[in-house]
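The structure is shown below.

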Amino acid sequence: MSNPKPASALRFLKWFCPEHLHEEIEGDLIQKFHRDVQAYGERKAKRRLTWNVIRFFRPGIILRNQTKLSLTAFYMITNYFKVASRIMIRNKAYSFINISGLALGMTGAILLFLWIAHEFSYEQFHADKHRIYKAWNRALENGQVNCWDTTPRILAPTLEEEFSPVEAAISYARWDSKHLFTVGETRLLKTSGVFTDPALLTIFSFPLLEGNPAKALESPNSIVLTESFARQLFGSREAFGEAVTVSQSGHSFEFTVSGILKDLPSNTDFNFEYLIPFSFLESLGEKNTFWGNNSVATFVKMKEGTDLISFDEQVKGIVKKHYADGQHIEIFLYPLTKMRLYSRFENGVQAGGRIEIIRMLGILGVCLIAIACINFINLSTARAQRRSKEVAVRKVTGAFRHSLVMQFLCESALVALGAGVLSLFAVYLVLPFFNVLVQQQLVLDFGNITFWAAALGFVLLTGLLAGGYPALYLSSFRPVGILKGALVSSANRNTLRTLLVVFQFGFAVMLIISVIVVRKQIDFVQNRESGYVKDNLVYIPLTGDLGKNYPTFKNELLQAGIAVSVTKTSAPITEQWSSTGGIQWSGKNPEDRTDFERIYMDDHPSATFGLTILKGRDFDLQQFANDSTGVLLNETALKVMGFENPIGEIIKDNRMEWHVIGVMKDFVFTSPFQKIEPIVLFGGTKLRNAFNEIYIKLNPENTVQENLAMLSGLSKKYNPDYPFEYHFADVEYARKFANLEATLTITTVFTSIAIFIACLGLLGLSTYLIEARVKEIGIRKVLGGSVLSIMKLLSMSSLKPIFIAIIVFSPATWFAMNWWLNSFAYRVSLSTWTFFMAGIVLIAVALITISIQTYRAANANPVDSLRNE
């Protein structure tokens, strides 16, 4: 009895072995195989035969046949592509639909994948990134574990002093106030500066173009500038070692440029144009050693081999050790490389962050490619009857199935290659606009070999995904039946095609519903009552001489008719600059650690902002001098404090006592999508440097241009050393919607692409299906069928998968959008009308896509289709 030999191993031997050696080697191997069967059994004998074949796969054997193999492979592949190109040219409409669909899908996917790759590259350029961490606080507050990443200034030096595994630790605090930089006649107003410790330049890989990283920030009056900022200040002159004057609130300080930093890369969350050491503040007597002041970020570089879990156990009690009122606070370290994508904590546990957006974008990119590939698969299988005789003839003339598979894969690879070239060109053109949309600096690195390798791999993978199933399906036809006139079986093929179309349009309906829901959410929140009047409200930074000249400046604004009301604040009313959980009041629960938003105000804020006073009165320092220690509570703050009669109640903050003079209606302070926070407005006129902004309610009787021109003149008059800068409150409020608006725009654009690709495939598919039914249509017309009835028949066969897609995918979309909306405290409710509208839109688009083809088929003369019958 003969034993079956491993055919695949012998085929492999035949492929690489020279012809003049093949017969002899194969005979020896088969002979040895039979002996092994008797000695070891059939299974082990097969393994040994396979191993012996592999042993012959070596240069001494292969190189004897290399030239012939290379030429044969070259001619074979060349022939495949030659035939593929002829077929594409012969079927121009089919090729256009496939190439354009794939090109659109690739373009969208490449843009999304570029963005995703950029997001994953954040902070990856630091040489010691795996040893750098950010310190976080964790505390049980009001029954919930909260986490935040601002820490006391004293934490960094204490970590270095008390914990040997810490190699270096720094504090990092943004200097957000406006500062005037002066070099000769050049004057620039800047806010993007940072106070830090000298070790920042050795912990992080921000390269210095000039200066010593270890010593650049040693001197209290040293300053490190970025390359761009140095160029703005000094022009083409040498900046290193030169003096820079920095002015704020009437005080001027001279610094020496001790380093020029290369501009920060786009893939970092650090954002500054200059660095100043904390030792400068400490030289002014502002050394902050209070453990209750969480005002800086703390970054820690650990020594090699440190066990983070063990270290977190050691360090978590550091606040409890040094701060009696901080017994509920723990410190833990979080990796720098995770800060960008995994920075959201819920009840003390890491719960995601931007990674959720990245995952959705990744799914979107994959689905765009999938939709385009589905077009290719559907059109290829729909054309199966046309190509069945070609396959049969090739098989009869000696073609093996694997050669047919290669032929069809070459066709799909050629289509993918053409689509890839078009998509790269399209990405190159639209990338600048996409960068504006996503506020990034994405680039196509044409000079990088890795980029080209990834691009080629992406194209070939797309070609394989698109052409794999059609190649296997078309190459499986049996030539005998086809040459006898038998039709290709279509039952399974139609089922698969229907499922693929369902997926295409199911994904499209999900995107349409998403766009509608996001748009409704934005409109809903934008129409929310903000609680203050934003129209004609402008603010300017309180810089230079405006502090001492403020009374005169304010009076002239009012007397000249430029403004109807003016006040000073510690921060913009649209931004969170200061919050505290340390406010005390009579009857406060010791376990209550609610955070209050804190703003210091001057006279008449309600008149300037249009705030509604519900109880008591507004600040009026001219009539009531003790309003300098008065506070206004919003409704939410009053509810937290629980005062029945709040007027006159005493609260304590910043080691001072304050008395309540009024209660105001809630207004939107931070996010308009979330609940109103408890807010306290303090009369801060007795505090040093409490105010940073001047808010001006412009006179509506003048035009905006007239008001701004007069305001600019007065600003230059009373603050001549500083450039005039202003901001409109309504514009700054609108910025709160920028991220969601960008999300909406991105979703809308890629939804349009997905729908267009799906409809392009539907158009091609309906064309081929109509061609396959042309005789049926002719018979129906001869038997009295109307144009309308035939159009209805053809349309319903194309629309059926779309109806299924709407029914199947709508529930999943409802759950997804409901989950998304639950992240907003102030949100729109989902309605069935939204899903109904999405279905109507999709069906209408599909009908428009196929209507021309169905009308042309239904209106055709039946004589033309039946003349051969």
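How many residues of domain 3 are in contact with residues of domain 4? In this predicted model, 6 residues of domain 3 touch 4 residues of domain 4.

- The chain is divided into domain 1 (7-57), domain 2 (129-339), domain 3 (356-524 + 738-867) and domain 4 (537-732).
- The centres of domain 3 and domain 4, taken over C-alpha atoms, are 56 Å apart.
- Between them, domain 3 and domain 4 bury about 400 Å², with 64% of this area on carbon and sulfur atoms.
- Of the area that domain 3 buries against domain 4, 70% is supplied by Phe824, Ala825 and Tyr826, more than by any other three residues.

- Lys301 and Glu167 meet through their side chains in a salt bridge, with an N to O distance of 3.5 Å.
- This pair links distant parts of the chain, 134 residues apart: Lys301 is in strand 13 (residues 294-302) and Glu167 is in strand 4 (residues 166-175).
- Lys301 has 6% relative accessibility and counts as buried because this is under 20%.
- Glu167, at 41% relative accessibility, counts as partly exposed.
- Both residues belong to a network of salt bridges that links Asp128, Arg131, Glu167, Lys301 and Glu304.

**Salt bridge Arg340–Asp269**

- The side chains of Arg340 and Asp269 form a salt bridge at 2.7 Å, N to O.
- Arg340 counts as buried, at 13% relative accessibility, whereas Asp269 counts as partly exposed, at 42%.

**Salt bridge Arg617–Asp627**

- Arg617 and Asp627 form a salt bridge in which the closest N and O atoms are 2.6 Å apart.
- Arg617 and Asp627 are 10 residues apart, and each is placed in the loop between strand 22 (613-616) and strand 23 (630-634).
- Asp627 counts as buried, at 0% relative accessibility, whereas Arg617 is partly exposed, with a relative accessible area of 26%.

**Nonpolar surface patch**

- Phe425, Tyr428, Leu429, Val430, Phe433, Phe446 and Trp452 make a nonpolar surface patch of about 760 Å².
- Helix 15 (residues 401-438) gives the most to this patch, with 5 residues.
- Trp452, one of the patch residues, is placed in helix 16 (residues 449-474).
- Why does Trp452 count as partly exposed? Its relative accessible area is 40%, and Trp452 is therefore neither under the 20% limit for buried nor over the 50% limit for exposed.

Methods
Residues numbered from 1 in each chain as written. Predicted model: local features only at pLDDT ≥ 70, side-chain atom pairs only at ≥ 80, totals over all residues. Heavy atoms only, no water. Patch = residues over 30% accessible without salt bridge, like charges linked within 9 Å, V, L, I, M, F, W, Y side chains within 5 Å. Areas by Shrake-Rupley, 256 points an atom, 1.4 Å probe, with all protein chains shown as cover. Salt bridge = Lys/Arg side-chain N within 4 Å of Asp/Glu carboxyl O. Helix = DSSP H or I, 4+ residues; strand = E, 2+ residues; numbered from the N terminus. Buried < 20%, exposed > 50% of the residue type's maximum accessible area, 1.4 Å probe, protein only. Domains from an automatic or database assignment. Contact = heavy atoms within 4.5 Å. Buried area = accessible area lost by both parts, 1.4 Å probe.
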